[in-house]
Amino acid sequence: MFAALAGSFALSACSGDGEGPSDNNTDPGTGGAAVSGSSSTTTTTGGATTGDGGAPAGGAGGEGGTSGIGGSPGTGGSGGSMGDKVPPKPSTGCGKANPQTGSAQGPLTVSGHQYYVKLPTDYDASKPYPVMIMFNPTGNPISWAEQNAGFEATGPKEAWIRVYPHPANSNSGWGANDVAFFQPFYDQITDSFCIDEARVFAAGESSGGDFSSILGCEHADKLRAVGPCATKNVPQYPLNAGTRECAGQVTAVVIHGERDSVVGTENGPKTRDFYTELNHCQASTTPVEGYTDDLSNCVMYEGCDGDYPVYWCEHGDPNYGNTNHGWPAFAPKLLWSLFSTY
């Protein structure tokens with residue numbers, strides 16, 4: 001059984017690597033109730049996607065239930081397998097009032113990288129919050145993710161800390177040389193803000209997608225789930241589950257355009273297969289209700305270890321100049337509805 005978010009998210013088209021950002025940000029709407037999903041199974045073949053995001057207009061409603069994708073946090077499960085929810089793990093930043101958040105115009109810095117933080121509505125420094133870290137695509141300003149990734153809608157805005165980092169070199173985007181920055185970055189945000197260290201999520205688009213995928217292995221001990229979109233090959237971090245020494249396991253939602261004409265379609269399936277092997281998933285899949293049309297086309301792999309399912313969305317969203325290389329409109333809705341159940 002799955003639960004899918006029923007609230008509406010209106011998203012804009014957006015730009016990809018090397019392009020300017022989209023400024024089309026829509027106002028958040030209200031969430032709907034979670035609904036049951038499909039139990040039929042199928043098998044899938046690979047595809048790939050990259051892209052840039054819009055901004056969702058819908059919040060999340062309803063409870064997650066004991067399995068599937070939930071609406072808002074509550075009694076939900078993790079991709080059909082979650083049992084009792086893991087208790088919050090407060091970071092050292094809890095209890096520290098008035099933390100410095102920075103802004104797109106005046107970002108904070110750590111280890112040669114800029115970033116800024118958006119706190120939940122009515123932020124309470126004594127309450128540990130889940131955090132979403134969104135890595136932007138190459139050639140876009142630091143504000144791209146806030147404006148386009150879709151996590152400034154009602155649900156995430158009220159429930160999550162959102163962190164928007166920038167690569168050391170915007171023209172080169174996120175790469176292997178940036179991986180060393182993540183530890184001091186993580187230490188700085190967890191020491192400054194009241195973060196639930198059991199619920200740290202990362203997602204990204206294009207080179208940002210590459211980076212979130214790399215972190216899902218190299219820093220799996222710090223991340224609960226990742227959402228890599230439109231990835232390409234990074235030779236320094238091969239997608240070989242037999243040779244890579246990952247720090248643990250994460251839930252992975254791998255998104256790639258089935259007709260991506262910018263980075264091609266090869267790496268999406270490789271990223272998917274890397275995580276299904278790490279999490280010991282079966283070959284069979286279950287469609288994710290609410291995400292079965294051509295614009296999303298998402299399935300969940302069955303039989304994955306414990307609370308670490310793998311999702312694969314081989315979408316046909318023509319985003320980014322009809323190249324199918326865009327952060328698709330469904331992405332923030334899916335990630336919010338899924339990750340909120342943890």
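Trainee: How many residues does the chain have, and what share of them count as buried?
Mentor: This is a predicted model, and 59% of its 342 residues count as buried. The fold is built from 7 helices and 12 strands.

Trainee: What share of the contacts joins residues 24 or more positions apart?
Mentor: Taking the contacts with a separation of 6 or more, 78% are between residues 24 or more positions apart.

Trainee: Now the nonpolar cores. Which residues touch the most other members of the largest one?
Mentor: That core has 47 residues, and the ones touching the most other members are Ile-133, Phe-135, Ile-161, Phe-185 and Tyr-275. Take Phe-135: beyond four places in sequence, its contacts include the aromatics Trp-174, Phe-181, Phe-182 and Phe-211. Phe-135 also touches Ala-202, Ala-203, Gly-204 and Glu-205, among others. Another core lies apart from the largest one; it has 32 residues, including Tyr-291, Cys-313, Phe-339 and Tyr-342.

Trainee: Let's zoom in on a single residue. Where does Ser-296 sit, and is it buried or exposed?
Mentor: Look in the loop between strand E10 (285-287) and strand E11 (298-301). Ser-296 has a relative accessible area of 2%, so it counts as buried, the cut-off being under 20%.

Trainee: Which side chain makes a polar contact with that of Ser-296?
Mentor: Asp-293 does, at 2.7 Å. Leaving out neighbours within four places in sequence, Ser-296 is in contact with Tyr-291, Cys-313, Glu-314, His-315 and Phe-330.

Trainee: Let me try His-166 the same way. Where is it found, and is it buried or exposed?
Mentor: His-166 is in the loop between strand E6 (161-165) and helix H3 (182-192). With a relative accessible area of 10%, His-166 is buried, because that value is under 20%. Its side chain makes a polar contact of 3.0 Å with the side chain of Asn-136.

Trainee: What about empty space inside the model?
Mentor: The general idea: rolling a probe the size of a water molecule over the atoms shows where empty space is left. Here the count is 1 cavity of 30 Å³ or more, and the largest cavity holds about 90 Å³ of space.

Trainee: Which elements give two or more residues to the lining of that cavity?
Mentor: Helix H4 (207-218) and helix H5 (267-278) do. H4 has the largest share, with 3 residues. The lining includes Asp-210, Lys-232, Tyr-237 and Asn-267, and by class it divides into 4 nonpolar, 5 polar and 2 charged residues.

Trainee: And the largest pocket: how much space lies in it, and which residues lie nearest its centre?
Mentor: About 270 Å³ of space lies in the largest pocket. Of its 16 lining residues, Val-86, Glu-197, Ala-198, Arg-224 and Tyr-308 lie nearest the centre. Strand E7 (residues 195-205) gives the most to this lining, with 3 residues.

Trainee: How does the pocket lining split by class?
Mentor: You get 8 nonpolar, 1 polar and 7 charged residues.

Key
Residues numbered from 1 in each chain as written. Predicted model: local features only at pLDDT ≥ 70, side-chain atom pairs only at ≥ 80, totals over all residues. Heavy atoms only, no water. Helix = DSSP H or I, 4+ residues; strand = E, 2+ residues; numbered from the N terminus. Buried < 20%, exposed > 50% of the residue type's maximum accessible area, 1.4 Å probe, protein only. Polar contact = N/O pair within 3.5 Å; in protein donor to acceptor, adjacent residues only side chain to side chain. Contact = heavy atoms within 4.5 Å. Core = buried A, V, L, I, M, F, W, Y, C linked by side-chain atoms within 4.5 Å. 1 Å grid on protein atoms, 1.4 Å probe; cavity = no way out; pocket = protein on both sides within 12 Å on 5 of 7 lines; lining within 4 Å. Points joined across faces, edges and corners; volume = space filled by probe spheres on them. Nonpolar A, V, L, I, M, F, W, Y, C, P; charged D, E, K, R; others polar.
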